[in-house]
Structures are given as structure tokens and as C-alpha cells.
Amino acid sequence: MTDTAAATESTQPVAHRSRLQMTVSTVFRNRLAVSGLLVLAVLILVAIFAPWIAPYGVNELNVPSRLEGPSLAHPFGTDNLGRDVLSRVVVASRVSLQVGFIAVGIALALGVPVGLIAGYYGGRIDSILMRIMDVLFSVPAIVLAIAILATLGPGIFNAMIAIGIVYTPIFARITRGSVLSLREAVFVRAARSLGATDGRILGTHVLPNVIAPVIVQTSLSLAFAILAEAALSFLGLGVQPPDPAWGRMLSEGRGFFQQAPWMAIFPGLAILVTVMSFNFVGDGLRDALDPQQRSVIESRGVA
Amino acid sequence: MTDPILSVRDLRISFGSRQGRAHVVNGLSYDLAPGETLAIVGESGSGKSVSQMALMQLLPVPPARVEGEAIFEGRDLLSLDEKEIRKVRGNQIAMIFQDPMTSLNPVRTIGHQLLEPIELHLGLKGSAARERAVELLAMVGIPSPAKRLDEYPHQFSGGMRQRVVIAMGISCEPDILIADEATTALDVTTQAKIIEEISALQERLGMSLIWITHDLGVVAGIADRVVVLYGGQIMEQAPVDDLFEGRRHPYTRGLLASLPVPGDERPDKLSAISGLPPDPLALPPGCPFMPRCPHAEAVCRDRPELRAPVPSHRVACHFDPSDLYE
């Protein structure tokens, strides 16, 4: 880009669209991302209003009508104790989304600062922090989560912490990688030469420039966090009975798969739909914000 | 000469590397008078930029090692702690970088960035700060400044961006403005305009200007005094007219000879100084220019002192430059 006549420069019409507007319009042109967003919106509403939507109580036993197939009274059928599967799937959506958001929130809160500090200061701090991350990263995600839960004890809060820790290195790596190239950027040097503190430079100049890949990773990680929670609950390490969780319901339904396949199919579908929606939204965001990046998780094939 | 606003004495900068210590600046001393424009010229790697970055403690230490002193307002800039030097940066001494395309943050508006030094040093907030930002943009010649404040750098052309960068530099009315190749990335017409505007601002604000460049054309147009650096040492230091007309160091002469002359008989061929600049890892013990100097003799194996044949004109050469050329 060169300029010849300074006087005419400013009169050129320029598209006055902010980055946010451009991102939003790109995402909305992607049909999969839009359908993912719609499904997620419905899911979140269902989770919020679950107690009012669920036609029966989650632990309302009705042994005489156990293992009944889908009907008008029980659209998703009943389980081996006569509980309404629909009610349990609906209420369990709360747990899944909650675990997903909080676990990813933990991963973000730990990983992004680690990546910022490691990338910006470099040297020994970088080596120490990133070697710790590498150790976490070297253990397969689900095995690491199980190991953490074995130490902390099973339960939903511990599951959130475990999943959060498992995904921390991904955010740390993504953030650090972007920061490394920014650290030498002239505008960062310029900000220093104007008297800005390190904290200010990190907050106002570095962070906004690394946020795009982090946002993309967040939406993709949500899908995997929900999947991880389901896996942990399936193994009996997450949500404890009698509270409903999709993973638990799958494992409980396993034993009755011949007689009552609906016990496993509906929670399984719920997991599938939720995870796919998050993935579609994440892919859409990536196309809009960060076309070059390939997800770290994707190439790693976890959960 | 009035009391200098900045006195650099025996500045030495080296960088640790795997191959050993790279001595980039070796005993640099100069004074800067209030309101003066000092040009620092030299080839790439001659230590021009590094010597100025060091003044504001912008070099990473380690690997850099900075020795010597730089007295500004009675204090040694090189020994200020981080908090004190931060108050100097941007406020009393500001710097403009070479590349206007990358010296602005792409994701923040021009206004945000312009307000940063104002908020940091002047403590202005809200509408007062905004007013000041508009005033600054107008000062550097940006039309409809109030509107452009909310735009992003990609909506500005190179020349306009450099104007914004200059506005950031002068926002706190610094005593010294360091322009590090500030117009090198711009085309010639824009360059001329920017130089004109900086000179006008300098007069208006009474700043001293340190102009780092390898463009001797710019030097002739703007500078009061010139320091010629080679291998991190001063080869020659003189008022600008003396340098272009008077006696010269063989290196300065080589630099001037390598400029294309309009109407020259062989315009297709540019003359260059043969050889390469000295390796900072292995500086020659004598005159750093000796390996490339057409007049080198045995005596050049000893390092020449910076002598002053005329009080205002200092040359680091064993020979009297006028003897060499007449």
C-alpha cells in the first residue's frame, strides 16, 4: 500500500464496519453455524427452565410402569425404576452445560494468563511454565481427568476442576503462540516507548490480538468438555446417583439395551446434538475469525 | 553552545550471543542542544537505532549490556529504575518508529491508541482527553480529525498512519523526539511532507530532534548537526553544511559518493563502498573502517582518536582529511 497524495487519502470511502460486525455476518452466512446456534439457544433455555419443562420429577419412582416404551405419557419411555426418561434428559442438560461452561471457564482462567506470561516474558519463565503444560499435555485427556478425580474423589465439582485442568494447556499453548509473534511487534515496542507498563501492554495491546483463536478454541472446547463430563459420569466418576446426567443414564441404560433401548438412545442423542452444535458454532467462528488455525484438540483426537 | 539537554558519554552496548559478545556501540559521546536537530547516519548495523533505544532502556537486558552515561535534566537515563524511566518515556523523550504499517495496534481504534500516552502521563480522561486527541490529529495534518478518531489503522494509508504515530509521539510535548527512520517506509512526496510537518512541530513545541536515518538527502534538508556512525563509533561529527562541503572522513566521503547524482554520465551504475560493515563479534582493533578504506596505511592499525581540526568538526582519522583529497 502506498500513498501518493496525502490530501485525498481521507476522502476515500471506507467500509465502516467493526471487526465484531464482520465476524457476526460471516458466522451468520454459515448455515451449519446458524443451526448450531439455534439448537444451543433452545438447549440453554431448556436447561434454565428444566424444572418447569420436565413433566415428572427426576426421581419420581413408578416401579409398576418400569421399562415402558415411548408413549404419550412418557415420550422418551421410562427406565428400570419407572422414572420418566424425558424428565431426566431435560434436567441433566443443566449439569452438562454447567460442567461444560465452568470447566472451560477454569481452563481459560488458568491457560490464558499462563500463555500470556510465558509468551511475553519468555526465557526461563516461559520454559518452566510451558514444560508444566507439556507434562499435562502428554497424558491422554481422559486418563488425566480420571487421575485427577481419583485424587480429588468423584463428584460433579471435582469433575469440573479435572476437566478444566485437562484443557488448560491447550489455551496456554494457543495464547503463547500468538503472543510470541506479538511480543516483537512494533506497536508493542512503541507502547513501551510511550511509557506503558507491562500489565497495560498485555491487557490493551497483546490480549485483544490473541483473543480470536482463544474464542474459537473456547467454543470447540465446550463440546469436548461436555463429552468428557459424559465419559466421566459414564465411568461413575462425575455426577453421582441419583442425580441425572447423560453419561450416567447411558451407563445405566447399557444393561437394559435389549429390552429398553430408549433408556440409552435419548441421553445419547442429547449428547450428540449438544456436542455437534458446539462444534458447528466453533467451526463457524474459526472460519470467521481465524481461517488458518487448526484446532489443537482436533489433531489430538481426545475423548 | 548553550547547555546541552542531553549528554551522552562513552556509551557502550554489547549483546551476548552464542558466538560471543557482539559489540554494537563502542564509546559513543555526543551532546544535543535544546531545539537542535541532530542527524545520526550510518549503514544498517552501525548502531544507530540501538544507541537510541538504549537511552530509553528499551533494550532487553540481558542479552544487552549497556555502559556509559546519558545525562538528561541532571539524571543519568541509563541508571534510572523502571518506574522512573517509564515517566520519561513518551513524556519527556518520545520515539517514532520506522514502519507505520506495524507501529499501530490493528485491533484498537486510532483514538484509543492516541489517548494512551495522554492518559498515562497527563492524567487527562474522558472528553478532555478526546479534545486533546482531536487537536493532535489536526496538528499533524489529518483532515476531519474528530471523525477519524474512531477508525482503525487499516482504514488509514501509510502516510496517514505515520502522522498518527507522530501525533502519539508529540502528544505529551516531549523535550526530545527520536525519529528512527521515520520516513524511510514512505514514498518521496509523503516523506517530504512529513519531514516538513515534523520540522514545523519542532519549532512550535521547541523540541530537540534526533533523526536516525541512512538517507543523506533527508539529512541535508533537516539536520543542524550530523553524527556519522560506523561500527558503533563516531567517524565524523560536524554541522551539516561543513559535512557536505568541508573536509570529510573517507567513510563519509564514500557514503556521499554512493548517492546517485541526477544527470550523471552513467546513471545505470551506482558506486558503492566495497566490502561489508565490520562484524560486531570481531571488530578490527584499529580503525573500524580500515579494511574498506582506500587510504588505509599501517598507522590505521591503531585506533584513531576523535580529533577536532576545527572546534565544531570532529573526525576519527589519522590523516587530515583535507590532505587526502587535495
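Which residue just after H4(B) takes a positive phi? B:Gly141 does, at about 80°.

This is a predicted model, in which local features need pLDDT of at least 70 and side-chain atom pairs count only at pLDDT 80 or more, while totals for chains, interfaces and linings use all residues. Residues are numbered from 1 along each chain as its sequence is written, and chains are lettered from A and ligands numbered from 1 in the order in which they are written.

**Two helices**

Helices (H or I, at least four residues) and strands (E, at least two) are DSSP runs, numbered from the N terminus. The table sets the first-to-last C-alpha reach of two helices beside the expected span, which is 1.5 Å times one less than the number of residues.

| Helix | Residues | Length | Reach | Expected |
|---|---|---|---|---|
| H5(A) | 85–121 | 37 residues | 53 Å | 54 Å |
| H4(B) | 126–139 | 14 residues | 20 Å | 20 Å |

A residue is buried if 20 or more other C-beta atoms lie within 10 Å of its own, exposed if 12 or fewer, and partly exposed in between, with C-beta atoms placed from the backbone. By this criterion H5(A) is mostly covered, with 27 of its 37 residues buried. Just after H5(A), A:Gly122 has a positive phi of about 60°.

In H4(B), the buried residues are B:Ala133, B:Leu136 and B:Leu137. Viewed down the helix axis they fall within an arc of 95°, so they line one face of H4(B); the arc is that of the directions from the axis to the C-beta atoms. The face turned away from this buried side carries the exposed residues B:Ser127, B:Ala128, B:Glu131 and B:Glu135. The cover over the buried residues includes H3, H5 (145–148) and H6 of chain B.

**Contacts between the chains**

Two residues are in contact if their C-beta atoms, placed from the backbone, lie within 7 Å. On this basis 35 residues of chain B are in contact with 25 residues of chain A. Among the elements of chain B that each supply at least two residues to this side are H2 (82–88), E6 (93–96) and H7 (188–205).

**Strand pairing in chain B**

Two strands pair if DSSP finds at least two bridges between them. E1(B) (residues 6–17) and E2(B) (residues 20–32) pair in the antiparallel sense over ten bridges, forming a hairpin with two residues between them. E1(B) is also joined to E4(B) (residues 64–72), again antiparallel, by eight bridges. B:Ser7 has a bridge partner in each: B:Asp31 in E2(B) and B:Ile71 in E4(B).
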